[in-house]
Amino acid sequence: MATSMCKLCSCKLSPLQLFLRRHARLNVSVSNALFSSGPSPDDEEVLLKPKRPVIEDEDIIEKLRDVSRLRGNLYKRQHNLQPEIRSAYQRELRYRRRNYGKFGDETGFDPRKCWQTRWELREEIKLEKEWEPTLDNMMKNIQRRKQGDEAKMAKRVETITKNMEKMDGWIKEYHQREEKRAEEVRQRELKKKKLLDDAMAFFGYKVDPRDEKFKEMLEAKAKEEKRLAKQKKKETQTAKLMARIQAEAQKKDS
């Protein structure tokens with residue numbers, strides 16, 4: 001009976017009411033969204049309330065805008081700001097002078113200290129004398145270098161002139177050397193040809209100069225020539241000796 005009554009009641013409900021009944025957890029929120037005429041005053045206050053506080057401090061705003069994440073003097077160097085004095089070299093006079101030249105009176109540095117001291121002037125004068133000669137010395141060095149170059153050129157011209165005077169003799173000597181070299185080559189060719197002819201006459205056929213028989217013949221011929229040269233030298237010495245003996249005998253007879 002109860003089941004039938006539930007079915008009758010459910011038949012009278014609209015599909016939307018059935019949906020809301022089945023989803024009880026979303027019933028309140030969905031019904032407010034569908035059937036409410038507008039937000040309540042509390043809801044309006046919540047909606048109008050900003051989620052984040054308004055920042056009015058310019059330093060904080062600039063810090064938030066900075067995306068470089070640079071710190072300290074690195075940030076100031078990047079944005080051309082006066083750095084903070086933190087290290088020893090920043091306290092040196094040279095650094096503070098340069099810093100004053102860049103940022104001026106903001107550094108709080110006494111501009112009178114930007115002038116060189118007596119010791120610095122003495123050191124600079126010493127360096128200038130050592131590494132930066134005066135105009136007079138520079139002119140003297142240029143004149144000395146010019147005179148040296150002129151002397152070298154004059155010596156070179158003199159050498160070329162003398163060589164040109166000897167040019168005809170050198171050309172003649174060159175041609176003589178070439179003729180002598182050509183004559184030596186011709187004599188070697190004749191000697192080689194004569195040796196080949198002698199080998200052909202000795203063996204009865206044409207012999208290759210690379211053949212062992214030809215080499216043996218050359219060795220035998222060299223020995224024979226050496227023997228003949230020795231014999232000829234001996235005969236010459238003997239003839240000279242005999243001529244001297246005859247000359248001495250004639251002196252004695254006279």
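Among contacts in the chain between residues at least 6 apart in sequence, what percentage joins residues at least 24 apart? In this predicted model, the value is 7%, a contact being defined by heavy atoms within 4.5 Å. The model is a prediction in which local features need pLDDT of at least 70 and side-chain atom pairs count only at pLDDT 80 or more, whereas totals for chains, interfaces and linings use all residues. Residues are numbered from 1 along each chain as its sequence is written, and side-chain values use heavy atoms, with hydrogens and water left out.

The chain contains eleven helices and zero strands, assigned as DSSP runs (helices: H or I, at least four residues; strands: E, at least two) and numbered from the N terminus. Along the sequence, the pattern is α-α-α-α-α-α-α-α-α-α-α. Of the 254 residues, 7% count as buried; buried denotes under 20% relative accessible area, exposed over 50%, and partly exposed the range in between, with a 1.4 Å probe and protein chains only. Accessible areas come from the Shrake-Rupley method with a 1.4 Å probe, and for residues only the protein chains shown count as cover.

A nonpolar patch on the surface is formed by Ile160, Met164, Met167, Trp170 and Ile171, which together have about 460 Å² of accessible area. Patches consist of residues with over 30% relative accessible area and no salt bridge, like charges being joined within 9 Å and nonpolar side chains (Val, Leu, Ile, Met, Phe, Trp, Tyr) within 5 Å; a salt bridge places a side-chain nitrogen of Lys or Arg within 4 Å of a carboxyl oxygen of Asp or Glu. Two or more residues of the nonpolar patch come from each of α9 (135-165) and α10 (167-203), and α10 gives the most, with three. Met167 lies in helix α10 and counts as partly exposed because its relative accessibility is 31%.

Just after α10, Gly204 adopts a positive phi of about 85°.

Gln90 is located in the loop between α6 (72-78) and α7 (93-103). With a relative accessible area of 5%, Gln90 is buried. Its side chain reaches the backbone nitrogen of Ser87 at 3.2 Å. Apart from neighbours within four places in sequence, Gln90 is in contact with Asn73, Glu84, Ile85, Tyr95 and Arg96.

Note on methods:
Polar contact = N/O pair within 3.5 Å; in protein donor to acceptor, adjacent residues only side chain to side chain.
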